[in-house]
Amino acid sequence: MRLGVLDVGSNTVHLLVVDAHPGARPLPAHSHKAELRLAQLLDGDGAIGPEGVDRLIAVVHEALQAAEDKGVENLLPFATSAVREARNADDVLARVREETGVELTVLSGAEEARLTFLAVRRWFGWSAGKLLVLDIGGGSLEIAYGIDEEPDAAVSLPLGAGRLTAARLPGDPPDQEDVRALRRHVRTEIARTVGEFSRFGAPDHVVATSKTFRQLARIAGAARSAEGLYVQRELKRASLEAWVPRLGAMTAAERAELPGVSEGRANQLLAGALVAEAAMDLFHVESLEICPWALREGVILRRLDHMGQG
C-alpha cells in the first residue's frame, strides 16, 4: 500500500509518501515540503490570523495534489503544537475540512512524544535497551524514556525553536541579555521534568530526532545527509557547548552559511541549540545519536500495526 502522511507542523507542512505493508520497513517514495512557520504566525491573542489560515489551506491543497500524483491510497493527516495551541484551533480545523476535505487529527504533546519514541525504538531495536529520546520541533520539545515500544514517561514542553525565537529573540544578531534570559527560561522549564525521568534510572542509549538536532550535529562535524540514512551521526555536548556562543554572535544570514543549515531554519538555530544544550546538560548526556526516523514514521508504524491486527 502507498501511504501518505501529511504533517502540519509548527515550521513546515510535510507530505511523506511511503510504500508500506505490515511487518515491513516503510520505504520512502516521495517528499513534499512547504515552509509555513505557523508558530510565528500567531497574533497577540494566540490565534492563527486569516493570512495564516489561507496559506495553510493553499499548502494543504498542494499536498493533496502531490499525494494524488504519487498514487497515495491512504492519507494520514495530522497537526502538532502550532494548531493544537492556537486560540482559534477549532475554527482553523473547520475551514481546512470545509475547503480541502482533509480532517486534521490534532496530536497532543504526549502523543507526539510516544509516536516519536515508537519510531526510534523500531529504528534501533530492542538491543538499544532503555532509550531516552529528545525531539525539538518548531513549537515544542518532546522527551520520552522507556525500555518497551510504549515509553514509561513522556512529556511535551513549549520549548520549540520557532516559538522561542519569535517570542524571545527578536534581534539579529540577538541581544546577549535576551540570550541569557532565554537560557534561564529553558533550563528552568526542563529542570522541572528531570525528576519524572530520573526515577527510572540512567538510559542505555540517548537519541535525538528533528531537523534542529540534525543541523546541530552537522555543524559539529557529523556526516552530510547525502551520505545516507545508515551512517551513524552523533552530537557531543562538548561540541555543542562550544558552538552556542558562536551561534549567538551570528546573524541569521551568517548561520545559513554553515554546513547543513537551511536559510529557512537559520534564525531558529540558536534557540534550538540552547534547548539541546540544556537538555543534554540537565539529563547528564555527554553524547547522543541522531535517528533519521521521527514522528511521521511513528504515525505510519502505528497505522501499519493496526492494519496488521485487522
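A: Helices here are DSSP runs of H or I, at least four residues long, numbered from the N terminus. The model is predicted.

Start with helix 3, which spans residues 89-100. The side chains of Glu-99 and Arg-95 form a salt bridge there, at 2.9 Å from N to O. The two are four residues apart in this helix, so about one helical turn separates them. Glu-99 is partly exposed, at 39% relative accessibility. Arg-95 is partly exposed too, at 27%.

Glu-241 counts as partly exposed, with 34% relative accessibility. Arg-237 is buried, at 11% relative accessible area; the cut-off for buried is under 20%. This pair belongs to a network.

Arg-296 and Asp-7 meet through their side chains in a salt bridge of 2.7 Å, N to O. Arg-296 lies in helix 11 (residues 295-309), Asp-7 in strand 1 (residues 2-8). The bridge thus links distant parts of the chain, 289 residues apart. Arg-296 is partly exposed, at 22% relative accessibility. Asp-7 is buried, at 8%.

In total, the model has 21 salt bridges. As background, side chains of opposite charge can pair when their charged atoms come close.

How values were computed
Residues numbered from 1 in each chain as written. Predicted model: local features only at pLDDT ≥ 70, side-chain atom pairs only at ≥ 80, totals over all residues. Heavy atoms only, no water. Salt bridge = Lys/Arg side-chain N within 4 Å of Asp/Glu carboxyl O. Buried < 20%, exposed > 50% of the residue type's maximum accessible area, 1.4 Å probe, protein only.
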